[in-house]
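User: I am new to this structure. Please show me how to read its features, step by step.

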Amino acid sequence: MTTRRPRPSLGVLVFFTATLSLSAYFTFAAVQGDYGLFRRAEITTEGDRLTRELEGLRLEVVRMENLTRRLSDEYLDLDLLDQQARDVLGLVRTDEIVVH
């Protein structure tokens, strides 16, 4: 005589399918969702890039403040004034030769 194994009921299959589906969904959301691991890595990278950009802009502001102070009424740098007149106005001295 052969023994027959009982088949799993339909409810057990539905339960395992739903559990597997929910596990897959939450795993996907934890890795690639709006607050997932990949998004966190993107935010960290973007934060580092913006920090470097901010430091560059701060250096540029310091340089521009220095140039502005050197052209102010209290402190006039004649060499800087001469350079700016040449660059902006296109001026040259009478003893210079211009080569294009």
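User: Which side chain makes a polar contact with the side chain of Glu96?

Analyst: First the rule. A polar contact is a pair of N or O atoms within 3.5 Å; within protein, one must be able to donate a hydrogen and the other to accept it, and residues adjacent in sequence count only if both atoms are side-chain atoms. Here the partner of Glu96 is the side chain of Arg86, at 2.9 Å. A polar atom of the Glu96 side chain also lies 3.2 Å from the backbone nitrogen of Arg93. Keep in mind that this is a predicted model, where local features need pLDDT of at least 70, side-chain atom pairs count only at pLDDT 80 or more, and totals for chains, interfaces and linings use all residues. Residues are numbered from 1 along each chain as its sequence is written, and side-chain values use heavy atoms, with hydrogens and water left out.

User: Where is Glu96 placed?

Analyst: Elements come from DSSP runs, numbered from the N terminus: helices are H or I with at least four residues, strands are E with at least two. Glu96 sits in the segment after H3. Asp95 is found in the segment after H3 too.

User: Is Asp95 buried or exposed?

Analyst: Buried means under 20% relative accessible area, exposed over 50%, and partly exposed in between (1.4 Å probe, protein chains only). Asp95 has 63% relative accessibility, so it counts as exposed. Glu96 has 31%, so it is partly exposed.

User: How many helices and strands does the protein have?

Analyst: The count is three helices and zero strands. From the N terminus on, the order is α-α-α.

User: What is the radius of gyration of the protein?

Analyst: The radius is taken over C-alpha atoms, and the globule rule is 2.2 Å times the number of residues to the power 0.38. A compact globule of 100 residues would come near 13 Å, but this protein has 36 Å. Its C-alpha trace spans about 120 × 35 × 15 Å along the principal axes. Buried residues make up 4% of the 100 residues.

User: Where is Ser72, and is Ser72 buried or exposed?

Analyst: Ser72 is in the loop between helix H2 (37-70) and helix H3 (78-89). Its relative accessible area is 18%, so Ser72 is buried. A polar atom of its side chain lies 2.7 Å from the backbone oxygen of Arg69. The Ser72 side chain also makes a polar contact with the side chain of Glu74, at 3.4 Å.

User: Which ring does Arg69 lie over?

Analyst: A charge sits over a ring if NZ of Lys or CZ of Arg is within 6 Å of the ring centre and within 35 degrees of the ring normal. Arg69 lies over the face of Tyr75, at 4.9 Å from the ring centre.

User: How many aromatic pairs are there?

Analyst: A pair of rings is described by the distance of the centres and the angle of the planes. Rings of Phe, Tyr and Trp (its six-membered ring) pair if their centres lie within 6.5 Å; planes under 30 degrees apart count as stacked, over 60 as edge-to-face and the rest as tilted. That gives two aromatic pairs. Phe15 and Phe16 have ring centres 5.5 Å apart and planes at 65°, so they are edge-to-face. Tyr25 and Phe26 also pair edge-to-face, at 5.2 Å centre to centre and 65° between the planes. Both Tyr25 and Phe26 are exposed.
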